[in-house]
Amino acid sequence: MTLKLGVIGAGAIGKEHIRRCTQVLQGATVVAVSDINPDSAWAAAALPGVCAEVYADGHDVIRSTDVEAVLIASWDPTHEEYTLAAIAAGKPVFCEKPLAMSAEGCRRIVDAEIEAGRRLVQVGFMRPYDEGYRALKKAIDDGAIGAPLLLRCAHRNPKVDESYTTDMAITNTLIHELDVLRWLLNDDYRSVQVRFPRSTSHTHGRLKDPQIVSFETRKGTLIDVEIFVNCQYGYDIQCEVVGETGVARLPEPSAVQMRRDASLSTAILTDWKDRFITAYDAELQAFINDVAAGRLRGPSAWDGYAASVAADACLKAQKNGGSVAIALPERPSFYAC
Ligand code: NAI
C-alpha cells in the first residue's frame, strides 16, 4: 500500500523531503503541497516525478480526504499549529524540528496526542538514524568503554547570515545535540551552564560565537558542547565519550585520504544536507513503514518536549551566566519504550 503524504512548507528541506519521498524511499507518494509562498509550492509540485495538488493553505492539506499523513517543513513558529491540527484530524504527522517554539507549546502537543489515545507524531530528529551515532550508542550500550563519564562534543558550521542570533545557537543548532545526547546516554539533563569565550571576528553584533554549553546529566555525566557557527572551514560534528575503561568517538564521514604536494589530507563536508543525508532517508522511511504498521516508534512528541525543556533552560543560562536546573517531568507511561 502507498501512503499518501501532504507536505506543508516547500522550502529547502521541504523540497529535499519531497525529492526523497518521490525518488529514494519506498511506500509513499506526495499528493498535496502547500507553502505560504505559492511559487515555492508550485516549484515543489514541478519536481521530477511529483504529481501533487497545490493548496493555498496548510490546513486544507490536513483536511484533504486524499491526504493520509502530513509532513511539516514550514518555518518553526508554524509547527505547533499544524501538528495540533493533524492530531485533531487523526492523521499521523512528521514534524521537522523544533516541535514548537517553547516547552509549553510542545506540552500542548503531548497532551493532545495522549488525549487522541495513540502515537501520531514523529519529530524530525534524524541523528538517531545516523549509522555513526548508532555505532557509538551500540558501543556504549554493550559496555565497551564502561559507564560514560564525560562527553566532548562540537557542532560547527562554516558560516551563518546576519539573521542568526545568539539564542538560535540553542534553538536551531544545539537542539540536535539536546535530542541525540539523551538518546545516546539513556539519560536526561539535570542542569546547564553557558559560557562565552572571546568571539570570532567573523561574527556580528547580535551573535556571540562560539559558545560552550555544559550539562550535568541525572546520572552525573558531564557534557561540554562547543557551538561554533562561523568556524569557516566546514560542517563538522564531533562527539567523544570518555568511559570508565576506554574512549569512543563518533566516526568521521568517509572520505578519500590524499597524499600530494607534500601533505596528507582528507576533505571535510561543508553542507549539513550531505553530512546526514542517509539519516534523513532512514528517518522518513521509518515513519512511512511505521504508519503502515500502525505504530510510530521514532522520536516522539515527548522527545520534542524534552529537548525543548532543555533548550528553554539553555536560553536562561545564556542570560544569567550561572547554572540553571533542567526540570523535566516524569515521562508519561504513554511514551514508554
Ligand atoms: P526555508 O525557509 O527554506 O523553508 C520554509 C518554508 O516554509 C518556506 O518556503 C516558507 O515560505 C514556508 N512557510 C512559512 N510559513 C508557512 C505557513 N504558515 N504555511 C506554509 N508554509 C509556510 O527553511 P528550511 O531550511 O527548509 O527549514 C524548514 C524547517 O525545517 C524549519 O523548521 C527548520 O528548523 C527545519 N529544518 C530541519 C533540519 C534538520 O536537520 N532536521 C534541517 C533544516 C531545516
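1. A nonpolar core is a set of buried Ala, Val, Leu, Ile, Met, Phe, Trp, Tyr and Cys residues joined through side-chain atoms within 4.5 Å, where buried means under 20% relative accessible area with a 1.4 Å probe and protein chains only. The largest such core here has 102 residues, and Leu-178, Leu-181, Phe-215 and Cys-239 have the most contacts inside it. Helix α10 (residues 301-320) gives the largest share, twelve residues. Domain 1 (3-125 + 277-299) and domain 2 (128-270 + 307-335) both contribute, so the core lies between them; the bounds come from an automatic or database domain assignment.

2. The model is predicted: local features need pLDDT of at least 70 and side-chain atom pairs pLDDT 80 or more, whereas totals for chains, interfaces and linings use all residues. Residues are numbered from 1 along each chain as its sequence is written, and side-chain values use heavy atoms, without hydrogens and water.

3. Contact means heavy atoms within 4.5 Å. Not counting residues up to four places away in sequence, Phe-215 touches several residues, including Leu-174, Leu-178, Tyr-189, Cys-314 and Ile-326.

4. Helices (H or I, at least four residues) and strands (E, at least two) are DSSP runs, numbered from the N terminus. Strands pair if DSSP finds at least two bridges between them.

5. Three bridges join β2 (residues 28-34) to β3 in parallel. Ser-34 stands opposite Tyr-55 in β3.

Definitions and conventions
Buried means under 20% relative accessible area, exposed over 50%, partly exposed in between (1.4 Å probe, protein chains only).
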